[in-house]
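Okay, thanks everyone for coming. Let me put the structure up, and then I'll walk you through a few spots.

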Amino acid sequence: MADDTLIAVKEAIASTAKVDEAKRRAMAERATSDPEGFWREEMRRVAWMREPTKIKNTSFEGDVSIKWFEDGELNASVSCLDRHIEAGRGDQVSILWEGDDPNSDSRTTYRELHARVCRLANAMRRLGVRKGDRVCIYLPMIVEAAVAMLACARIGAVHSIVFGGFSPDSLASRIQDSECTLLITADEGRRGGRKVPLKTNADEALKTCPSIRHVIVAKNTGTAVAMQEGRDLDWAALCDREAEICEPERMNAEDPLFILYTSGSTGKPKGVLHTTGGYMVWASFTHDLVFDYRPGEIYWCTADVGWVTGHTYIVYGPLANGATTLMFEGVPSWPDSGRFWQVVDKHGVNIFYTAPTAIRALMRDGEEPVKKHKRSSLRVLGSVGEPINPEAWLWYYRVVGDERCPVVDTWWQTETGGILISPLPGAVAQKPGSATLPLPGVQPALVDGDGKLLEGAAEGNLVITDSWPGQMRTVYGDHARFVQTYFSTFKGMYFTGDGARRDADGYYWITGRVDDVINVAGHRMGTAEVESALVAHPKVAEAAVVGMPHDLKGQGIYCYVTLVAGEEPTEALRKELVAWVRKEIGPIATPDAIQWAPGLPKTRSGKIMRRILRKIAANETDSLGDTSTLADPAVVEELVENRVGR
Ligand code: 6R9
């Protein structure tokens with residue numbers, strides 16, 4: 001796709017948008033030249049109990065310290081609930097829930113959501129949960145997930161959500177790392193007509209989690225689950241006796257709001273820590289600008305609350321802005337591949353935000369399932385999670401949006417708290433496949449391998465040179481790892497781990513990760529995690545895992561496995577290893593290919609040359625590059641010969 005495919009902002013959209021091109025430019029200029037003044041105004045989007053006088057106090061040097069609004073006090077749940085009720089919007093729907101089963105849905109008003117949050121918050125306080133305590137949430141996409149998040153915020157407890165698709169082991173290691181004292185889960189989840197045994201998984205995990213004192217169990221499918229006397233409590237029975245009002249905890253702007261574990265290039269997933277004030281301002285600011293949200297509209301983000309997109313753009317951003325946020329329990333392909341559009345028509349969805357992997361999967365099924373539904377309510381389409389290829393972008397724009405709706409390709413990360421690079425619907429002309437321009441207040445740059453800033457049109461490593469309010473503050477319990485991971489590669493800059501190209505118009509084109517993180521169907525995974533799962537198997541001596549191109553998932557998981565001496569590489573063992581990784585990490589880590597590797601390409605110092613393994617997995621074996629530093633070049637020939645064809 002040529003860079004010059006420019007889709008101009010339509011006049012009708014520009015003239016009604018909250019932010020047009022001139023306003024965007026003015027905002028961007030002000031945010032850079034006078035960040036204090038800019039954020040002193042923008043911070044008023046959240047409800048402060050004590051307005052901050054100090055705005056920005058950040059340093060990317062040395063020990064790295066990031067503080068925004070540091071003398072302010074607030075409670076995130078008040079911004080999301082109380083103030084909307086006080087403003088007379090208590091009867092407006094806050095969460096519009098659509099079940100996996102097309103015949104089940106529910107509407108929860110702001111007043112009702114407030115009451116449910118307060119009841120649970122009171123119950124948690126009664127169980128002894130205090131400000132600063134960590135609470136693990138392992139729930140499916142039901143309203144209770146948002147209630148649990150906001151109830152934690154209400155009492156100052158720090159939530160750590162673990163995606164419902166993670167295995168008991170993955171759940172356990174996250175609970176252990178942050179020493180959670182309470183777990184909130186459900187009997188079972190539902191997805192695509194199947195059941196997910198959440199409580200059974202939780203019981204398995206809790207065998208190795210001594211910090212957990214109580215488990216609150218929401219009834220979802222109603223199946224009978226084991227309840228451990230004294231530890232496990234039924235959500236409804238517990239909350240029924242609680243009051244509908246609960247005094248919100250006064251939180252400092254820099255008190256933690258949540259931890260969310262995410263994968264990096266090395267070691268165990270790290271607990272990304274976000275604090276209250278800056279995160280809430282960023283969530284509200286970006287949700288408002290990027291989606292041009294207007295009162296009364298129905299907004300739908302199809303992510304799961306287990307990922308950062310669900311945190312910021314299903315719960316905190318939309319609720320802070322008083323929106324009606326649609327929460328979907330199901331999957332795009334069930335009962336059929338028209339489900340998204342059926343839901344759009346059923347509820348009159350105006351803003352729709354999904355992932356490229358879903359778009360590509362739907363594209364495969366053709367236009368008919370889309371065209372069967374009217375979709376006339378749609379106004380803005382969004383994309384997130386991985387680079388969107390121009391072909392999928394154009395299909396989304398033409399077929400789903402009938403060329404009426406701007407597509408906002410939003411680039412951001414768990415670490416950034418919210419969107420950093422994206423077009424604004426009424427203000428930025430689009431190019432299919434480009435996340436376009438930074439939001440006001442965001443200062444991206446490209447650097448070469450030595451950290452030298454690149455000017456003009458260039459390709460390099462994507463860094464951010466100054467702080468923005470939604471930035472993560474630390475890795476929970478390991479500030480040194482935070483500094484090491486994000487600020488040591490290029491001194492004085494936040495390193496995103498992504499590569500990008502900037503064209504002559506200053507538009508950014510994200511090219512993908514430049515580290516050992518892979519992106520499988522929008523889910524982020526460290527190759528090191530899959531490797532350590534594989535080598536935990538008694539028959540595996542060594543493993544190397546890389547991403548490979550995958551038509552639907554963006555990237556697939558390609559594993560090179562060396563067996564211990566005497567073990568036979570059989571089809572049965574291959575299947576066993578696939579099942580093993582699923583059990584160790586969860587179904588999202590299911591290997592797509594396993595290649596038996598009698599040896600792995602290593603340098604003379606014993607380092608695995610992943611560059612070569614990536615090339616073999618991608619079937620680009622005629623461009624393996626320099627192999628002269630290999631200890632044993634014959635290993636490569638063997639691997640090329642026995643590559644697993646797709
Ligand atoms: C929000 C989220 C972050 C990584 C990020 C990048 C990739 C996300 C993207 C995108 C190209 C986009 N990514 N959005 N790449 N264009 N619009 O996905 O967070 O799960 O932490 O993943 O996802 O590689 O570094 P997270």
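So, the shell around the ligand: by class there are six nonpolar, six polar and five charged residues. For the classes, Ala, Val, Leu, Ile, Met, Phe, Trp, Tyr, Cys and Pro count as nonpolar, Asp, Glu, Lys and Arg as charged, and the others, Gly among them, as polar. Before I go on, this is a predicted model, where local features need pLDDT of at least 70, side-chain atom pairs count only at pLDDT 80 or more, and totals for chains, interfaces and linings use all residues. Residues are numbered from 1 along each chain as its sequence is written, and side-chain values use heavy atoms, with hydrogens and water left out.

Back to the ligand. It has 17 residues around it, and the closest are D409, T410, T414, D498 and R524; a residue is in if one of its heavy atoms lies within 4 Å. Who supplies them? Helix α11, β21 (407-410) and β27 (508-513) each give at least two residues of that shell. Helices here are DSSP runs of H or I with at least four residues, strands are runs of E with at least two, and both are numbered from the N terminus.

Now the polar contacts, meaning pairs of N or O atoms within 3.5 Å. In the side chain of T414, an N or O atom is 2.5 Å from an oxygen atom of the ligand. Q413 has a polar side-chain atom 2.9 Å from a ligand oxygen, and a backbone N or O atom of G385 sits 3.1 Å from a ligand nitrogen. On its own the ligand has 530 Å² of accessible area, and the protein covers 96% of that (Shrake-Rupley method, 1.4 Å probe).

We've already met α11, so how does it pack with α10? The axes of α10 (residues 277-291) and α11 (residues 308-320) are 8 Å apart, at an angle of about 90 degrees. Axes are lines fitted to C-alpha atoms over the stretch in contact, and angles run from 0 to 180 degrees between N-to-C directions. The two helices are therefore roughly perpendicular, a label for 65 to 115 degrees. Contact means heavy atoms within 4.5 Å, and among the residues making it are Y279, M280 and F291 of α10 and Y313, Y316 and P318 of α11. By class, that contact has eight nonpolar, six polar and no charged residues.

Last, two backbone details. W334 and P335 are joined by a cis peptide bond, with omega about -5 degrees, and P335 lies in the loop between β18 (324-328) and α12 (339-347). D402, in the loop between α15 (390-400) and β21, has a positive phi, near 50 degrees, and is not a glycine.

Note on methods: Parallel < 35°, antiparallel > 145°, perpendicular 65-115°, else oblique. Polar contact = N/O pair within 3.5 Å; in protein donor to acceptor, adjacent residues only side chain to side chain.
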